[in-house]
Amino acid sequence: MRIALMVIRNILFVPYYLFNIWWLGRHATKDKTYAFIKKVTKRANKAGRVNIEVNGLENIPEKDGFVLFPNHQGLYDVLVFLDTCPRPFSFVYKKEVKNVILLKQVIDALHSIDIDRSDLRQSMRVIQEMTKRVMAGENFLIFAEGTRSKKKNHMLDMKGGSFKSAVKAKCPIVPCALVDCFLPFDNQSLKAVDVKVFYLKPIMYEEYKDMTTLEIASMVKERIEKVLEYYN
C-alpha cells in the first residue's frame, strides 16, 4: 500500500524519473546518477510519509572502497541508504525483487548484483565480482543475514560468507543498524512512520585481518545488536 502511495503521489513525475534513471545509468557518471536517484528517493519517502532519522554519517570512510553491512528488516531497507548515504554505492540483492517498479531501474543504473544463495557457484561469482569492484574503489551494501528478519528489531545470524569480499579486498567494514525499517512496507497502514539508521564506526582491515569470516560476522552482529537492544 505504501509503495502504491509513493507512486500515486508522484504519478506525474514517474515517467520522467524512470527515463532519467535509465539514461543516467548508461551515459552519466556514477556520482551524477546516484545524486538523481537520491533526489527521487527523498521525494518517494516524503510521498510515502516515511521519516528517517540518520545517525553517524561521520563514520562513513572518507575514501571510497568500503562495504556497508546492515541488519535486514524488509524490502524498504535499501531506500534508507539511498536517501541517507552521501556516497554512491551498489548493492547485492535477491533476484526476486528485481521487478519492483523504480527499484528495478535503480538496480540497473547502479550496476547492482543479484545473488542466488541456493547456487553456490553463482554466489562465489558474486563475491569475486564484488571484491574486484571494491578494490577498484567502488562501495557496496550487502545484507549478511541472507534474508530479512521477521522478528522486527531482532536479528538473524549473519553469514560468514558475506564477508569474504571485504576480507579479500582488505577494505573497511561499516556496520549499520536499521531500526523499525520493517514498518513502511510490511504492514497495511498508511500512517506516517519513523525509521532510524545508524552508521557505526568502521572496522578497518588491521582490526579483522586475523579473524575468520564467522568471527567477523559475529563481531558485526554484536555491534549492531548493541544499538537494537534499546528499541526492543
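Predicted model: local features only at pLDDT ≥ 70, side-chain atom pairs only at ≥ 80, totals over all residues.

Residues are numbered from 1 along each chain as its sequence is written, and side-chain values use heavy atoms, leaving out hydrogens and water. As for the names, helices (H or I, at least four residues) and strands (E, at least two) are DSSP runs, numbered from the N terminus.

Back to our crossing. Helix 3 and helix 4 pack at an angle of about 120°, and their axes are 8 Å apart. That makes helix 3 oblique to helix 4. Here the axes are lines fitted to C-alpha atoms, for helices over the stretch in contact, and angles run from 0 to 180 degrees between N-to-C directions. Angles under 35 degrees count as roughly parallel, over 145 as roughly antiparallel, 65 to 115 as roughly perpendicular, and the rest as oblique.

Which residues of helix 3 and helix 4 meet? From helix 3 come Tyr34, Ile37, Lys38, Thr41, Lys42 and Asn45, and from helix 4 come Leu79, Phe81, Leu82, Asp83 and Thr84. Contact means heavy atoms within 4.5 Å. By class, this contact of helix 3 with helix 4 has five nonpolar, three polar and three charged residues. In that scheme, Ala, Val, Leu, Ile, Met, Phe, Trp, Tyr, Cys and Pro are nonpolar, Asp, Glu, Lys and Arg are charged, and the others, Gly among them, are polar.

(Buried means under 20% relative accessible area, exposed over 50%, and partly exposed in between, with a 1.4 Å probe and protein chains only.) Leaving aside neighbours within four places in sequence, Asp83 touches Lys38, Thr41, Lys42, Asn45 and Ile52. Asp83 and Ala35 are 48 residues apart in sequence, with 9.8 Å between their C-alpha atoms.

Now turn to helix 3 itself. Residues 30-47 make up this helix of 18 residues, which reaches 25 Å from its first C-alpha to its last, close to the 26 Å expected at 1.5 Å a residue. (The expected span is 1.5 Å times one less than the number of residues.) Its buried residues include Thr33, Phe36, Val40 and Ala44. Among the elements covering the buried residues of helix 3 are helix 1 (2-8), strand 1 (50-55) and helix 5 (103-109).

Helix 2 is another partner. Helix 2 and helix 3 pack at an angle of about 160°, with their axes 9 Å apart, and they are therefore roughly antiparallel to each other. Helix 2 contributes Tyr16, Tyr17, Asn20, Ile21, Leu24 and Gly25 to the contact, and helix 3 contributes Lys32, Thr33, Phe36, Ile37, Val40 and Arg43. Sorted by class, the contact of helix 2 with helix 3 has seven nonpolar, three polar and two charged residues.

What happens just after helix 3? Arg49 takes a positive phi of about 65° there, in the loop between helix 3 and strand 1. Most residues other than glycine have a negative phi. At 40% relative accessibility, Arg49 counts as partly exposed. Lys152 also has a positive phi, near 60°, and sits in the loop between strand 5 (140-141) and helix 7 (164-169). At 54% relative accessibility, Lys152 counts as exposed.

Further along the chain, look at helix 10 (residues 213-228). Its 16 residues should span 22 Å at 1.5 Å a residue, and its end C-alpha atoms are 22 Å apart, which agrees. The buried residues of helix 10 pack against strand 2 (67-70), helix 7, strand 6 (173-179), strand 7 (193-199) and helix 9 (205-208). In helix 9 you'll find Tyr208, which is buried at 0% relative accessibility. Not counting residues up to four places away in sequence, Tyr208 touches several residues, including Ala166, Lys170, Ile216 and Met219. The C-alpha atoms of Tyr208 and Lys170 are separated by 9.2 Å, with the two residues 38 apart along the chain.
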